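Here's a quick tour of one protein model, a few features at a time. Have the viewer open and follow along.

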Amino acid sequence: SSVTVNLAAAMAHRGATVGVLDADIWGFSIPRMLGLTDRLQAQRFEGHEKPMIVPNERRIGSGVLKVVSTGMMLDDEDTALMWRGLMLTKAVEQFLNDVNWGKLDYLLIDMPPGTGDVQMGLARMLPRTELVIVTTPALAAQKVAARAADMARRSFLRVAGVIENMSAFECAHGDQYPLFGQGGGLALASDIGVPLLGQIP
């Protein structure tokens with residue numbers, strides 16, 4: 001989620017209009033990270049039979065983020081959503097089809113970890129999507145990320161590359177400490193045959 005938010009903010013800062021779909025239905029965190037507290041609203045738009053969801057917006061630089069999350073549908077962010085299977089797929093489908101996104105330069109989708117219903121549903125709904133795999137240096141995280149890459153390829157989706165998050169802690173003196181190990185992102189990228197796009201401290 002932090003990688004999604006920072007990528008979206010960087011794109012908006014350069015003047016882009018960026019949609020951010022928080023598809024981590026159970027573990028939504030995008031609204032808090034962006035400081036968005038308003039609930040989602042719906043209104044009628046010309047050319048549409050039923051009301052459409054209006055994304056919450058946040059201006060960054062000369063661009064704008066348009067954000068949709070299940071966290072914006074709840075009165076209390078501590079509320080647990082116990083959705084499974086078709087309910088999850090339907091929620092993501094609604095966020096894609098029933099939201100008035102307007103004209104976007106980019107649409108970033110923050111996915112839950114693993115290879116569950118959300119991932120399989122999105123692979124079916126957005127067959128030309130490109131994935132960026134995010135991992136930490138730890139071997140356990142690499143294995144989860146590798147399964148996500150394998151699922152993407154089995155669904156004929158392109159994996160654009162790997163980003164290694166939490167790569168090292170850098171203290172005020174400039175020394176780096178690999179608290180969670182090192183080289184995991186590069187190893188994963190090499191294993192699945194894609195570039196390492198970056199390492200985030």
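## A loop residue

Let's start with Asp98, which sits in the loop that links helix 3 (85–97) and strand 6. Keep in mind that this is a predicted model.

Is Asp98 buried or exposed? Its relative accessibility comes out at 18%, and since buried means under 20%, Asp98 counts as buried. As for what it touches, set aside the neighbours within four places in sequence and you get contacts from Asp98 to Lys50, Met52, Ile53 and Glu93.

Next up is an open sheet of 4 strands, ordered 4-5-1-6 with mixed pairing. At its edges are strand 4 (56–60) and strand 6 (106–110), each pairing on one side only. On average, neighbouring strands in this sheet are turned by 20° against each other, direction ignored.

Zoom in on strand 4 and you'll find it paired with strand 5 (residues 63–69) in the antiparallel sense, over 5 bridges. Arg59 stands opposite Val64 of strand 5.

Helix 1 (residues 2–13) lies across strand 1 (17–22), strand 4, strand 5 and strand 6. Relative to strand 6, helix 1 runs at about 165°.

## A nonpolar patch

Now for the surface: which residues make the nonpolar patch of about 520 Å²? They are Met166, Phe169, Tyr177, Leu179 and Phe180.

Tyr177 belongs to strand 10 (residues 176–177). Its relative accessible area is 41%, so Tyr177 is partly exposed.

Key. Residues numbered from 1 in each chain as written. Predicted model: local features only at pLDDT ≥ 70, side-chain atom pairs only at ≥ 80, totals over all residues. Heavy atoms only, no water. Patch = residues over 30% accessible without salt bridge, like charges linked within 9 Å, V, L, I, M, F, W, Y side chains within 5 Å. Areas by Shrake-Rupley, 256 points an atom, 1.4 Å probe, with all protein chains shown as cover. Salt bridge = Lys/Arg side-chain N within 4 Å of Asp/Glu carboxyl O. Helix = DSSP H or I, 4+ residues; strand = E, 2+ residues; numbered from the N terminus. Buried < 20%, exposed > 50% of the residue type's maximum accessible area, 1.4 Å probe, protein only. Pairing = 2+ DSSP bridges. Axes fitted to C-alpha atoms, helices over the stretch in contact; angles between N-to-C directions. Contact = heavy atoms within 4.5 Å.
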